[in-house]
Amino acid sequence: MKTQVAIIGGGPAGLLLSQLLDLEGIESVVLERRSKDYVLGRIRAGVLEAGTVRVLTEAGVGDRLAREGLPHDGFEISWFDERLRLDLTGLTGKPVTVYGQTEVTRDLYAAREARGGAVIDEAEVKRIEGIDTDAPTVVYEKDGKEHRLDCRFVAGCDGFHGPARKAIPESHRRDFTRDYPFGWLGLLSRTPPAAHELIYATHEQGLALCSMRSEEVSRYYVQVPMTEKVEDWPAERFWEELKSRLPSDVAAGLQTEGEVLEMSIAPLRSFVTEPMRHGSLFLAGDAAHIVPPTGAKGLNLAVSDVHYLHRALTRFFNEGTSEGIDSYSGTALARVWKTERFSWWMTSMLHVFPEIDDFGRRMQKAEFDRLTGSETARRDLAENYVGLPF
Ligand code: FAD
Ligand code: DHB
């Protein structure tokens, strides 16, 4: 089989790239190791930046998002007994939109199917050959058989654990990592949200986050040590822990009587690999970088990478210039590092770090006080939260 762009990974990055390339008349094949149902069942991100909404709309998958997405003009931070509302729209002119990653992926799958796009699921990429040449080959396994996909370029949209990044020789790549000594335990429930807007709540026991997917479905998180196991957290224990970390009026109104739809623990990590291109291979999304979830940037960063990459590939195939593909890594990384900084900063301010000293604690409080006391500081946070321009 032969195509112009072989895309490894059918998560949001890979599906969006194939859709945007298709709209420019460029052929691609998406290879996804999991089944479509498995990919659609993964509960992940929930907050979309205005730029992400724009790109999804340009990609032709904005209709349901416009109907069902919930625009949010602000969110709250509670610090022990103090409360602060960030007026995102007032400070930046832009809201964010609450719309689950599951829904984004569902819309992208539907759009690819409607246009006859090639998305091969249960196809696991084993290796990539010839990335230093103009004619690489992606070797994958499907139904127990090995298959070869020849192409001009490979897009590694295969997440943090995928094979694409590892195909770049270590001598040509540099990885930057920070692991945090805790994770987020998440619970999705069929209950009305605790509040109209998101609340990030810091408390002695750690961070809690109240989010949502719709007027009927809530998403909550609590910071836990990575030694915790989901099996040790029956829903009652989760609700008690959540309530203890929330402002008392929010805790009092919390509805806990609905069906629990999902619970899982995610580690917190900052990671960047440089560069995001080697020869005929490009990386986009979690394949190239991970942010801790505080600030809701993971999915949004995947979308801005894909925006830059589709533009670069379009210029190559349709205008005959390699300027875009040559500058892709630098352009994408400039935005990635600024977003890494923001996610690291919000994580550092709002979590309880097991080994922190008194000075560190005072610094966290001073960060919060700086926000309450200065519109300039709030605007800086808001600009990052609604998304840096791209
Ligand atoms: P992915 O969504 O990881 O997609 C990569 C795809 O590649 C997967 O479908 C995988 O099956 C496929 N793949 C991997 N290896 C191969 C192979 N060998 N062959 C073929 N296919 C392969 N972000 C937030 O903003 N908020 C959150 O609350 C949040 N929660 C998260 C919880 C978890 C458990 C994880 C892992 C991530 C979470 N994120 C969250 C981050 C966000 O979901 C990601 O940033 C986003 O999914 C990135 O999209 P992607 O397409 O780059 O990668
Ligand atoms: C959600 C996840 C986040 O990481 C975040 O910062 C806000 C909301 C969510 O899953 O809804």
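**Core, helix and ligand**

Guide: The largest nonpolar core has 107 residues, and Leu17, Leu31, Ala155 and Ala284 have the most contacts inside it. H9 is the top contributor, giving 10 residues. This is a predicted model, where local features need pLDDT of at least 70 and side-chain atom pairs 80 or more, while totals for chains, interfaces and linings use all residues. Residues are numbered from 1 along each chain as written, with chains lettered from A and ligands numbered from 1 in written order.

Visitor: What makes a set of residues a nonpolar core?

Guide: Its members are buried Ala, Val, Leu, Ile, Met, Phe, Trp, Tyr and Cys residues, joined through C-beta atoms (placed from the backbone) within 7 Å. Buried means 20 or more other C-beta atoms within 10 Å of a residue's own.

Visitor: Which residues in H6 are called buried?

Guide: Among them are Val104, Leu108 and Tyr109, so each meets that cut-off of 20 or more. Their cover includes H1, H2 and H9.

Visitor: How do you know what span to expect for H6?

Guide: The expected span is 1.5 Å times one less than the number of residues. H6 (101-114), a DSSP run of H or I with at least four residues, has 14 residues and reaches 20 Å, close to the 20 Å expected.

Visitor: Which residues come nearest to ligand 1?

Guide: Gly9, Gly11, Gly159, Gly285 and Gly298, out of 31 around ligand 1; a residue counts as near if its C-beta atom, placed from the backbone, lies within 6 Å.

Key
Helices (H or I, at least four residues) and strands (E, at least two) are DSSP runs, numbered from the N terminus. A residue is buried if 20 or more other C-beta atoms lie within 10 Å of its own, exposed if 12 or fewer, and partly exposed in between; C-beta atoms are placed from the backbone. Two residues are in contact if their C-beta atoms, placed from the backbone, lie within 7 Å.
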